[in-house]
Amino acid sequence: MARESTRVIRIGDKVIGGGTPILIQSMTNTRTEDVAATVEQIHRLEKAGCEIIRCTVPTQEAAVAIGEIKKQITIPLVADIHFDYKMAIAAMENGADKIRINPGNIGGKDKVAQVVAVAKERNIPIRVGVNSGSLERELVDKYHGVTAQGIVESALDKVHMIEELGYENMVISIKSSDVLMCVKAHELLAAKTDYPLHVGITESGTIISGNIKSSIGLGLILHQGIGDTIRVSLTGDPVEEIKSAKLILRTLGLRRGGIEVVSCPTCGRTKIDLIGLANQVENMVAEFPLDIKVAVMGCAVNGPGEAKEADIGIAGGIGEGLLIKKGEIVKKVPENQLLAVLREELEHWDV
């Protein structure tokens, strides 16, 4: 089902589905029971651009903490539940905006029914999550291994179970660490349902491998008009997930806004620490809500020419650098002042 045709689901004060903008999610990696640490991390994620946050709820203490965390954040909170249906109920009673469950691993249909009853009473959406690693043995046998078809059948079985309980306020999530299998599964699922889909490549890996796998997988899925929310799953600081998700959406033309940084790959002409400077620029510009392009170039020979398509840029020399606007050199400054000069220009940017 094309993104524009999926059902509209409300998660806290956010709306997904029906062609609304794709929202970016992440998940905390703190102990949820540690309210202060969890809130601090969520605030960093909010600042980076996270729009929905998920927290694990493995204990009653964590469920109670959800209520305290909710008081201190501004984005919707999803409770991640595994194995214990009581935690799903407790999380909803403590204010979770959505719950994520795999109905196949929380104790049978009677337990699912109890969870659904509370969700229905409070009109809380349920994210039905199925991963390739948790595929039922009968489906593995049926399809002679873990396959896209098996993942989709498993997910729809869980959806139908909840529908039979009289509830349709759902989001579906199917994930695999096999990129092409994950893409195929989303293509099959989108053709069979109009529920909104949360998209991601699970267990994708570290910053480098995870970004490559997620970019390819999410790019192939989103470019087909599939997906209503996304998470780039990375082994590392979850803030990196937000930065990557924003860049993927912007690269696909699915989101505008935010500064795009372009930089050259360095060569023998480079006489400044371009790698360090480019990383500093990328981190710095995240705080500016500007829809412009910033270039970071390694030398003054090609800098003005290569940066001409950018709104503003800096180019290095020998112990110094140039500030460039629309391909024109504005001024020359010492190397150690390049970042500060660029920041000052962005702080006073005339939008």
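The model is a predicted one.

H1 covers residues 35-48. Its 14 residues should span 20 Å at 1.5 Å a residue, and the end C-alpha atoms are 20 Å apart, which agrees. Just after H1 comes Gly49, with a positive phi of about 120°. An α-helix has 3.6 residues a turn, so residues three or four places apart point the same way.

## The chain overall

The protein chain holds 12 helices and 15 strands. Its C-alpha trace spans about 70 × 45 × 30 Å along the principal axes. Of the 351 residues, 53% are buried.

Take the contacts between residues at least 6 apart in sequence: 64% of them join residues at least 24 apart.

Is Arg54 buried or exposed? Its relative accessible area is 6%, so Arg54 is buried, the cut-off for buried being under 20%.

The Arg54 side chain makes a polar contact with the side chain of Asp80, at 2.6 Å. Leaving aside residues up to four places away in sequence, Arg54 touches Ser26, Met27, Thr28, Val78, Asp80, Arg100, Arg127, Lys175 and Arg231.

## Helix H6 and its partners

H6 spans residues 148-164. It has 17 residues, which at 1.5 Å each should span 24 Å; the end C-alpha atoms are 24 Å apart, in agreement. Its buried residues are Ala148, Gly150, Ile151, Val152, Ser154, Ala155, Leu156, Lys158, Val159, Met161 and Ile162. They pack against H4, strand E7 (126-131), helix H5 (137-142), strand E8 (170-175) and helix H7 (179-190). Just after H6, Gly166 has a positive phi of about 85°.

Two packed helices are described by the angle between their axes and the distance between the axes. For H4 (residues 109-122) and H6, the angle is about 60° and the axes are 10 Å apart. The crossing of H4 and H6 is right-handed. Which residues make the contact? H4 supplies Lys109, Val112 and Val116, and H6 supplies Met161, Ile162 and Glu164. By class, the residues of this contact are four nonpolar, no polar and two charged.

Most residues other than glycine have a negative phi, and most peptide bonds are trans. Phe83 is not a glycine, yet its phi is positive, about 75°. Phe83 sits in the loop between strand E5 (77-80) and H3. With a relative accessible area of 61%, Phe83 is exposed.

His144 also has a positive phi, near 55°, and is a residue other than glycine. The loop between H5 and H6 holds His144. Its relative accessible area is 76%, so His144 is exposed; the cut-off for exposed is over 50%.

## Met87 in helix H3

H3 covers residues 85-93, and Met87 is in this helix. Relative accessibility for Met87 is 8%, so the residue counts as buried. Met87 touches Val57, Pro58, Thr59, Gln60 and Ile81, not counting residues up to four places away in sequence.

## Ser209 in helix H8

Ser209 belongs to H8, which covers residues 207-222. Its relative accessibility is 31%, so Ser209 counts as partly exposed. A polar atom of the Ser209 side chain lies 3.3 Å from the backbone nitrogen of Thr206.

Ser209 and Gly316 are 107 residues apart in sequence. In space, their C-alpha atoms are 30 Å apart.

Methods:
Residues numbered from 1 in each chain as written. Predicted model: local features only at pLDDT ≥ 70, side-chain atom pairs only at ≥ 80, totals over all residues. Heavy atoms only, no water. Buried < 20%, exposed > 50% of the residue type's maximum accessible area, 1.4 Å probe, protein only. Polar contact = N/O pair within 3.5 Å; in protein donor to acceptor, adjacent residues only side chain to side chain. Contact = heavy atoms within 4.5 Å. Helix = DSSP H or I, 4+ residues; strand = E, 2+ residues; numbered from the N terminus. Expected span 1.5 Å × (residues − 1). Axes fitted to C-alpha atoms, helices over the stretch in contact; angles between N-to-C directions. Left-handed = near helix turned anticlockwise from the far one by under 90°. Nonpolar A, V, L, I, M, F, W, Y, C, P; charged D, E, K, R; others polar.
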